[in-house]
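Please read these notes with the model open beside you.

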Amino acid sequence: MENNTEPVKTITLTIDDLPVTVPEGTTILDAAQTIDHAIPAICYHDATTANGLCRVCVVDVNGGRLLQPACILPCQDGMVVQTRNERVERSRRTILEMLNSAVDLAQAPTVQTLLDDYQIDRGRFPGSERREHVLLDDNPFYVRDYSQCLLCWRCVQVCADDAQYTFALTWGDRGFHTHISTAFQVDMPESSCVFCGQCVGVCPTGALKPKIEFGLEHGWSLEQIRENTRRGRKRKP
Amino acid sequence: MVTAPLEDILSKYEGRARDALLPVLWDIQTAYGYISPDAARAVSHLLRIPAADIYGVISFYSLFSDQPTGETVIQVCTDPACGLAGSDEILRELCAELSIDPGDMTPDGRWTVRATTCLGLCEHAPAALINRRGSGAFSHAPITHSVDLLNGTEKPHQGILGGQTNIFLSGTDGQRRQTLDEYGDYQGLRHALNSLTPQQVSAEVEASGLVGRGGAGFPTGMKWRFTWQAPFQPHYVVCNADESEPGTFKDRVLMEHRPHLLLEGIALCAYAVGAQQAFIFIRGEYPEAEQCLRDAIREAESAGLIGDRVMETDFSLHIEIRRGAGAYICGEETALFEAIEGKRGFPRIKPPFPTTHGVFHKPTSINNVETLCAAPGIVLHGAEWFRPWGTIKSVGLKLVSVSGHVNRPGVYEIPFGISLRALLETHCRGVRGTLQAVLMGGAAGTFLTPDEIDVPLTYEGLQAIGSTLGSGAVMVFNDTADLRDVLRRLARFFAHESCGKCFPCQLGTQRQMEILERSDHALPGDRDRLSDIGFTMTQASLCGLGQTAAAAVLSALQKWPGLVEA
């Protein structure tokens, strides 16, 4: 196409006191990557729409009143971005400490690395409510352990119009007690799920797990694995 | 009790799109007391919405239920103003009388009783909202005896109004709605349609210095101009009548008493921004105000003041009421759009802003009730008419909602610039007892100490002492109030109302509440914890709810550090 020969407009900004030039439309997250200043993020995934949920990627832009999500904000000429100043670090550390106090993150290696990087106090919020859910094992393909769910929304998004257009998943309740659910919490086989597996593929924690993997972890025999994954036998927790 | 069969309800919505979801769910909720999976499936087929999405919507809004509720549902407000007036005791008595716990239904299916967040009846505290299956809702305040709620001895509230009453409250005695005959012709609108271009209307409003009265203070004329200029069609007007800030009830009073002033303001806005369709999004907790608006719309339509070819000109305007279903977050403009569109009330990322991407992602001017009510006078009399009241930076008259320990709580129309002391001592006839604290701006506001009440009530005056006028809520506490208890109620409010979208607010409102719940026996480090949570919510949350959810707590800790031991 002839239009492709038109030069792409570029943007020049400052990230952590370094000049950076990127094509117009580049997010701060991607721009920082070009100078190897990795900005941490939890909910962000290349294949899903960025919603700015986890706010771990927040950065200071021009010293503004609010911190801005780097995964969404496009670079603008002359922007002055700080990816690791005191405001940013305090917010990130507090979010991580609160998250760790609410969710079972033991099987979320990328998040564990972040918790270590930020040297968080793992006991920062004593006596606080955790989000605990019963393990859901209602289909032959995968198990759902929402105690490990950190609400990144990726599964809901790939199930809906980011990929599969199946619309089996939604959110129940709101606030701290928000949880991922099928319609009226029916078992997966009774929902519109087509078992494409994309939700399992994008889950950043152990909340969604292939059943074979789950079985191996729990010492199932080959026979048990075959039994449990091929016949769709329901096993109530 | 007569319940419409589900088919009759559904047939009303044949051929409609997803934005009919909240209306149809309201009809089902009212008829059956809950929305069953079968009913939701039928709605899913009718409106072609995934069943999961419908469940997500039902479980988001407090006034929808997926479990059966009693024939009568009584919700007692336990937020600060009602809490101070003894609503906990009333809730307890009610539950004891019926032998149930709050939130439960009696075994015979007649009653459900639960606590709720602010009902916007703070001047009549304590207040309750009563939903009767089949016939809808009404409010009850003040509650003097819990048994009145069971006997159905309805106590309609009347307005308690005062102040200068030149713009907003003129011609009303607080007893009942002003009819169209009493209000008269829409003179401002007639003047605009006959003599002004849409741009001239915006310019007049911009010149008046009017800024948004919902709390954010954005210049109104500028918002109208931006919407007019947006290149995509159609354009919309949305009136934000989702007044849910604890301690704020001025918009309720305006809608109950002067609905025609609001309708005329909406019509002017629609003319100025080039819209033919307007929505009034009113919270589900305001049944009386909603009825007043419905009656007023009918009057105005038959008089040719709204509808097709208004006043026989080429300007047409249709105004539709949309009822919220119990979610404070829907006062946030983009969450409100999502609710109109039939979705969970999740706020959107801004930019883009509503003037280009509003409801249905079309250019939208969204304005607060009070803001729109200021427009008819400005357009009729000119910008200069508005400016003599107030100060250079805070122009005009302002409605304030005063509740708590004053002798005469109510809605007062005051010129910007009078002191808080004058408001309390003159208009409200003094504080009951010895003043301990004032919460300015509602749950999302900040506390003032008794030696700060000479502050002038202006945007700049309050800003100068680190406070905010917000929506004009003034909650007064005397020395009998336990401020820890007040903070707990505020924290519970935000934990209940956080939408759950972004991590800082979803986690922070919960942790803030937990720490304040134990503040009588705080753990070492609790003050630092609150400080970190508050800092993070304020700076990193996605929307205004999270960004202000710690404001009152942080201001209280600054002024009374002893409330939470370090």
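The numbered points below go through these topics in turn.

1. This is a predicted model, in which local features need pLDDT of at least 70 and side-chain atom pairs count only at pLDDT 80 or more, while totals for chains, interfaces and linings use all residues. Residues are numbered from 1 along each chain as its sequence is written, and side-chain values use heavy atoms, without hydrogens and water.

2. With a disulfide taken as a pair of cysteine sulfur atoms within 2.5 Å, the count over all chains is zero. For A:Cys43, the nearest cysteine sulfur belongs to A:Cys54, 3.8 Å away. A:Cys43 is buried, at 7% relative accessible area (buried is under 20%, exposed over 50%, partly exposed in between; 1.4 Å probe, protein chains only).

3. B:Asp19 lies in the loop between helix H1 (6-11) and helix H2 (21-32) of chain B; helices are DSSP runs of H or I, at least four residues, numbered from the N terminus. B:Asp19 is buried, with a relative accessible area of 14%. Beyond neighbours within four places in sequence, its contacts (heavy atoms within 4.5 Å) include B:Arg322 and B:Phe360.

4. The contact between the chains involves 52 residues from chain B and 46 residues from chain A. Three salt bridges cross this interface, a salt bridge being a side-chain nitrogen of Lys or Arg within 4 Å of a carboxyl oxygen of Asp or Glu. B:Asp532 forms a salt bridge with A:Arg124, with the closest N and O atoms 3.0 Å apart.

Notes:
Chains are lettered from A and ligands numbered from 1 in the order in which they are written. Helices (H or I, at least four residues) and strands (E, at least two) are DSSP runs, numbered from the N terminus.
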